[in-house]
Amino acid sequence: MKNQQITILDVLYEEPGPKTRRKIFTFTILSSILVTLFVLLIIFRFYVTGQLSARYWRFFAKWTTWAFLLKGLLGTVRVALMAALITFSMGFLFMFGRVRGYKVVKFISSVLIEFTRGVPTLLFIYFFFFGMPLFGIKMSAFWKITIPVAVSASGAVAEVLRGGVNAVHKGQREAALSLGLTENRTFFKIVFPQAFKYVIPSLISELVIVLKDTTFAYVVSFNDLMQNSSVLISNYDALLSVYLVAAVIYILINYFLNKLSVALALKR
Amino acid sequence: MSITELLSQFGHEYFLGYLTTLQLTFFSFLGAFIIGTVMTVFRVSPIKPLRTFGNFYVQVFRNIPGAALLILLVYAIPYLSIVFSYYTCVLIATTLIPSAFLSEHLITGINTIDKGQIEAARSLGLTFSQIISKIVIPQAVRSTVLHMTNLLVATMLTTAIASQVPLNPLDLTGLVAHINTHATGGIMAFAISAILYCLTAVLIGQIGNKIDKKVRVLR
């Protein structure tokens, strides 16, 4: 995609003549001034409200601060990985049901896919938080966040996998069948492995969504990055700086996951 | 609680909650469309500072978790003596995040256009603004209809973060949490909200498919 992006941007503009070059130059100067002013305005806001004072930032020089944040991040990663594992298994089942199941199974799978795709994660979280105890089911905070996050992503994962299966050339299936493989063997040995390769980038994008959804862990009081940040906040009485750092950590992790996804998509 | 009990006691609240969710979705998507388009123009413009700003903006808001952004807006921004109402905070969060994704979709749409089209247009003597308005934008929009309807659904799902702040009236998710903390609403309380969300999502998807079939550029 990146290569394509360069070509389209290249042809979008003609080689600029002297007049256009002057225009571009003027606008470049003007807009750099505006962007710089904007950034300065934000820094100034921090300054006048005293948020730049050392007491809000000093404790980030301490190792213990980062160790504590890292511990929270570990909680986030644990939830995200477990949720990813569950959501992949569920997504696979839904996809398999929709692609290969009998009529009834097909219908049920489609309904489940649409349902999990159309309901917000928070509603699932509240369901597991308030609803499960009504059945006498008690879960730890870890599962109370992991399961709803996994459930809410499963439909989207199923659709991603289905897209991959549909993208495999049908000659592959026909060839396998004519070699005497059963439908199931064909699916598991020939079609799905290829489909999986196609959709790895999209699956990473789904992992980003799962990781973002784990931020709601504070609803069920699970110690993730967000929750540990609020502990730091009450320890050092510094809200803005800590939450800002936490947000930047989330952004960086997701940024690099997305980069990885694009790189894998390009490699193909 | 049975469904009739629930509806007689909270029916009106559900109606208001649904309206709040729809309202948030509509305004957020509208705002996202405007901001996302402006950012896309920045990102394809030949002016470097604007490109950098647009790219930075998109990377920040497509990667920040909704809850983290809302918490920043509600609890952290007031420390800079900038105070928004709860509703405005939710609206800002649910606008900025989809706007980043919208810009990404538009860029993808622009990329689907064959460069031969632009070369052809230029050799026919079309000016730059004609190429943009007659060739690039129409095709980019037409090829991203499905992305846009998916984004509209995603925006609706994002508005559920409204349940994290005390709104009046509550949104659909916040209402369920409210019912369950003050009474035992049971499974039905969740089911009503879930079905409303889901039907809306399916409806948006259907309309999107219809529009897409009509306007898609066949290649």
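**Legends to close-up views of the predicted model**

**View 1. Overall fold of chain A.** The secondary structure of chain A comprises ten helices and zero strands, where helices (H or I, at least four residues) and strands (E, at least two) are DSSP runs numbered from the N terminus. Chain A has a radius of gyration of 25 Å, well over the 18 Å that the globule rule gives for 268 residues, so it is more spread out than a compact globule; the radius is taken over C-alpha atoms, and the rule is 2.2 Å times the number of residues to the power 0.38. This is a predicted model, in which local features need pLDDT of at least 70, side-chain atom pairs count only at pLDDT 80 or more, and totals for chains, interfaces and linings use all residues. Residues are numbered from 1 along each chain as its sequence is written, and chains are lettered from A and ligands numbered from 1 in the order in which they are written.

**View 2. Helix α6 of chain A.** This helix (residues 141-167) has 27 residues and spans 39 Å from its first C-alpha to its last, close to the 39 Å expected at 1.5 Å a residue (1.5 Å times one less than the number of residues). At Ser154(A), α6(A) bends by about 40°, the angle between axes fitted to the seven residues ending there and the seven starting there. Of the 27 residues of α6(A), 20 are buried, that is, with 20 or more other C-beta atoms, placed from the backbone, within 10 Å of their own.

**View 3. Surroundings of Leu70(B).** Not counting residues up to four places away in sequence, Leu70(B) touches Cys89(B), Val90(B), Ala93(B), Ile161(B) and Gln164(B) (contact: C-beta atoms, placed from the backbone, within 7 Å).

Notes. A residue is buried if 20 or more other C-beta atoms lie within 10 Å of its own, exposed if 12 or fewer, and partly exposed in between; C-beta atoms are placed from the backbone. Two residues are in contact if their C-beta atoms, placed from the backbone, lie within 7 Å.
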